Structures are given as structure tokens and as C-alpha cells.
Amino acid sequence: MIRIGIVDDEEPARRQISDAIGRFAAEKNVELEVRSFSSAGAYLAEKDNLFDILYLDIDMPGMSGMELAATIRQTDSSIVIIFCTNLQQFAVNGYEVAALGFLVKPVEWYPFQLYLDRALKAVAARERLRSNASKRIIVKDGAASRVVDVAKLEYVEVRKHNLLFAVRDRATGREAVLQSRGSMRDLATELAPYGFSRCSASYLVNLAFVTAVNGSDVHLGERVLPIGRTYKDSFKREFARYLATRDWEAPHP
């Protein structure tokens, strides 16, 4: 079951968010467990505070919601954070703690349900990313059929109707390129749930290997691939979503 926490020093605000979550659950026929806390300290003092989604007020006595988010991010990179506040000027700081977004008080129903829907999709994406290790695909490399662990698949390039699979073993650093016939469109659809995104018409990238996105380039360690104009917005949006849900304790290339 999805667990949702609400941290706000104002009881009416906590009740409004809780009621809205209840309405969403009833309309979407989903089970959501909700817990409320009157302060950042009360949240941190709770031993059973493992939540999937967290609604935070920013302006609270003692520790602010922004400070609480920064504290949480020191040990938990996966929880989805949504700020509920009337302090819109702090919205830019939300990116520092990988917040999904901001809701302005008093919270209106349309943006609330929109963000909660996005949050639930982010939680689902996180679980899919964690299952990468069990995902295998078959690549017909010449006469041989090879089983490839998608967690080791760095990127795929299409070149003259051939797909080139760049496979890298993070433990050993060894790289290999397998060549096969196939459709980039079909492969992108198959691998999308496992953290892959097209940065151009020619490249499909495993976001787990991305070390930087700079202008029109995506960096995979020392390798630099171009970001096509048509794919620029969607790729950066998917990469930002990945950053908000990835496991920062996992080894990075």
C-alpha cells in the first residue's frame, strides 16, 4: 500500500490535504494510507516514518519544510516530496531537494489531483527501476543469441537499420558492442519502464549511466551523445523524473 505523510503545523491544512487524498482514493479506487504530523520534529521522531509520498508545509516553527526536506534527502532519495505553501518565492529551492512540485494554499482540487497522480506514477517508476536487475532481453548478434541484462546496457544506437547495443559491466569496466536488426521505436517502448529514454532519433540512453546533461549534450562518463531538438524537452523531463526517484546509494558509473 502507498503510504503518504503530511507535515504541517496548521490542523485545518492537514485536514484539507487528508480529505483531498481520501477523495482521490475513492475516485481512483486506490488504497492510500495517510499519516499527519504537526511539525518537522514530530515527523523525525516517528520511528515508522517510511513514506512513499510526503506533503510538506514550508513555513513552520522550528525546522522549516525546506530544512526537513534537506534532512530527509541525506538518507532517503526515493520519497516523493510535494510542498504545500503560500510562499511561492521559495519554489526555486525545491529543485535542491528534488521536489516534485508546489501546491499553493489554499490547495485547489485540480492541481492537487494532478500532482498526486504524478507522484503515484513516480513511485511506480521507482519500483520498476529497482527491478532492473531482473530484466533481460535477447539480442541476436550475428549467428549468436545473447542474453543482455538491461542494467548493463549503457545505450543503443541505430545505424543504417542496425541496432548497436553498448553493454558495460560496471564491476569490471569491460565494454562490448552487440549488433542486431530491429526497430528502435519498438525497443524504446519495451525499455521505457526500465529507465531508458531517447535523447535523439539515433540514441536510446539508460538514464542510470548519465553523469551530466549540458545544453544539447548528454554525458555518459567520458562519452558524449547529442540531444536532438525534437527529443530535448521530453528527455530532460524524463531525466529530471529519474533523478527524483533513483536510489542514490547505488553505485554510479
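This note goes through the nonpolar cores and the salt bridges of the structure above.

1. Basis. The model is predicted, with local features requiring pLDDT of at least 70 and side-chain atom pairs counted only at pLDDT 80 or more, while totals for chains, interfaces and linings use all residues. Residue numbers run from 1 along each chain as its sequence is written, and side-chain values rest on heavy atoms, with hydrogens and water left out.

2. Main core. A nonpolar core is taken here as a set of buried Ala, Val, Leu, Ile, Met, Phe, Trp, Tyr and Cys residues joined through side-chain atoms within 4.5 Å, where buried means under 20% relative accessible area, exposed over 50% and partly exposed in between (1.4 Å probe, protein chains only). The largest such core has 22 residues, and Ile-53, Tyr-55, Phe-112 and Leu-116 have the most contacts inside it. At least two residues each come from β1 (2-7), α1 (11-28), β3 (53-56), β4 (80-85) and α4 (109-130), helices (H or I, at least four residues) and strands (E, at least two) being DSSP runs numbered from the N terminus. The greatest contribution is that of α4, with seven residues.

3. Leaving out residues up to four places away in sequence, Leu-116 touches Ile-4, Phe-24, Leu-32, Ile-53 and Tyr-55, contact meaning heavy atoms within 4.5 Å.

4. With a salt bridge defined as a side-chain nitrogen of Lys or Arg within 4 Å of a carboxyl oxygen of Asp or Glu, the count comes to 15. One of them joins Glu-11 to Arg-15, whose closest N and O atoms are 2.5 Å apart; these residues are four apart in helix α1 and so are separated by about one helical turn. Glu-11 is partly exposed at 39% relative accessible area, and Arg-15 is likewise partly exposed at 42%.

5. Arg-168 and Glu-154 form a salt bridge (3.3 Å, N to O) that links strand β9 (residues 162-168) to strand β8 (residues 153-159), and both residues are buried. Arg-223 and Glu-175 form another (3.5 Å, N to O), which connects strand β15 (residues 223-226) with strand β10 across 48 residues; Arg-223 is partly exposed, at 28% relative accessibility. Salt bridges with shared partners join Glu-154, Arg-168, Glu-175 and Arg-223 into one network.

6. Surroundings of Glu-175. Beyond its neighbours within four places in sequence, Glu-175 is in contact with Glu-154, Val-167, Arg-168 and Arg-223. The C-alpha atoms of Glu-175 and Glu-154 are separated by 9.3 Å, the two residues being 21 apart along the chain.
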